[in-house]
Amino acid sequence: MIVLKSPREIEKMHEAGKVLAECHKEIAMRIKPGITTWEIEEFVDAYLKKIGATPEQKGYRGYEYATCASINDEICHGFPRREPLKSGDIVTIDMVVNYNGALADSAWTYGVGEVSEKVSTLLDVTKESLYKGIEQVKIGNRIGDIGYAIQQFVEEKGFSVVREFIGHGIGASIHEKPDVPHFGLPHKGPRIKEGMVFTIEPMVNTGMHHMKMDQNGWTARTVDGGLSAQYEHTIAVGKDGITILTEQ
Ligand code: MF3
Ligand code: CO
């Protein structure tokens with residue numbers, strides 16, 4: 001069942017989204033060679049506490065951290081750790097903010113120091129694919145139109161789209177209906193309606209789309225060691241158009 005949100009609920013989620021967007025801007029200023037994802041985790045924890053927000057991921061299904069920090073070939077759900085980032089690395093920081101009981105979810109991939117041209121293309125294509133998906137979010141379209149637009153764009157650029165992790169409705173908890181795949185056929189899936197709030201979060205690989213799971217049962221990485229990037233926004237469908245709740 002897809003739970004539709006009232007304008008008032010969407011406004012509260014937007015406030016959470018603004019906190020999250022500000023937090024990403026702060027992270028962007030701190031990412032440089034030598035910093036560890038553990039330091040970013042600690043920064044986020046303290047930042048949210050100061051604002052009166054909480055990290056919804058901590059404790060979610062046994063996940064222990066405020067952030068997911070996925071480096072290079074890690075697709076998602078990397079653990080923050082005490083290993084310094086190096087120039088040329090990429091790192092995806094993903095988090096869900098709870099502010100006054102409302103949630104917002106956003107991930108961003110950061111290049112560390114000087115990145116190669118290939119890496120910089122990967123980041124550009126992945127971010128652009130998110131916006132190609134967002135362009136399809138309009139009343140009357142179907143959820144499948146989003147994934148179709150993303151996959152077409154990404155594959156045309158010679159990259160691949162991860163299949164195992166998809167966007168999702170968000171509301172009372174992190175994951176609700178509808179499922180929002182980043183691949184597939186147009187004109188399929190539920191119709192987009194006023195009051196829907198969901199994430200779009202394409203994970204894009206330089207090599208094959210397949211993943212393997214780490215021993216820790218959380219961290220997914222590319223099967224061929226290729227790089228993986230991700231950009232995620234939480235989107236609300238209103239009467240007169242959409243709002244990107246986590247726009248920076
Ligand atoms: N933020 C993630 C998403 O985009 C959810 C992570 S679940 C966690 O769906 F348990 F790893 F936190
Ligand atoms: Co997320």
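What share of the 248 residues in the protein chain is buried? Buried residues make up 52% of the chain, where buried means under 20% relative accessible area, exposed over 50% and partly exposed in between (1.4 Å probe, protein chains only).

This is a predicted model, in which local features need pLDDT of at least 70, side-chain atom pairs count only at pLDDT 80 or more, and totals for chains, interfaces and linings use all residues. Residues are numbered from 1 along each chain as its sequence is written, chains are lettered from A and ligands numbered from 1 in the order in which they are written, and side-chain values use heavy atoms, with hydrogens and water left out.

**Overall form**

The protein chain contains four helices and 15 strands; helices (H or I, at least four residues) and strands (E, at least two) are DSSP runs, numbered from the N terminus. Along the principal axes, the C-alpha atoms fill a box of roughly 45 × 45 × 30 Å.

Of the contacts (heavy atoms within 4.5 Å) between residues at least 6 apart in sequence, 70% join residues at least 24 apart. The protein chain exposes about 10,800 Å², and carbon and sulfur atoms supply 51% of that area; accessible areas come from the Shrake-Rupley method with a 1.4 Å probe, and for residues only the protein chains shown count as cover. The mean positions of the 28 positive and 35 negative charges are 3 Å apart. Lys and Arg count as positive and Asp and Glu as negative, while His and the chain ends are not counted; each charge is placed at NZ of Lys, CZ of Arg, CG of Asp or CD of Glu.

**Aromatic pairs**

A search of the whole structure finds seven aromatic pairs. Rings of Phe, Tyr and Trp (its six-membered ring) pair if their centres lie within 6.5 Å; planes under 30 degrees apart count as stacked, over 60 as edge-to-face and the rest as tilted.

| Pair | Centre to centre | Angle between planes | Class |
|---|---|---|---|
| Tyr63 and Tyr65 | 5.6 Å | 75 degrees | edge-to-face |
| Tyr63 and Trp218 | 5.0 Å | 70 degrees | edge-to-face |

Tyr63 lies in the loop between strand 1 (54-55) and strand 2 (67-71), and Trp218 in the loop between strand 11 (211-213) and strand 12 (220-222), so their pair ties together parts that are 155 residues apart in sequence. Tyr63 is buried at 3% relative accessible area, whereas Trp218 is partly exposed at 22%. Tyr65 is also buried. Ring pairs link Trp38, Tyr63, Tyr65, Phe79 and Trp218 into a cluster.

His14 lies in helix 1 (residues 7-30) and counts as buried at 18% relative accessibility. Not counting residues up to four places away in sequence, His14 touches Thr243, Ile244 and Leu245.

Gln248 lies in the segment after strand 15 (241-244) and is partly exposed, with a relative accessible area of 36%. Leaving aside neighbours within four places in sequence, Gln248 is in contact with Ala21, His24, Lys25, Trp108 and His233. Gln248 and Cys23 are 225 residues apart in sequence and 9.3 Å apart in space, C-alpha to C-alpha.

Gln152, in helix 4 (residues 143-156), is partly exposed at 38%.
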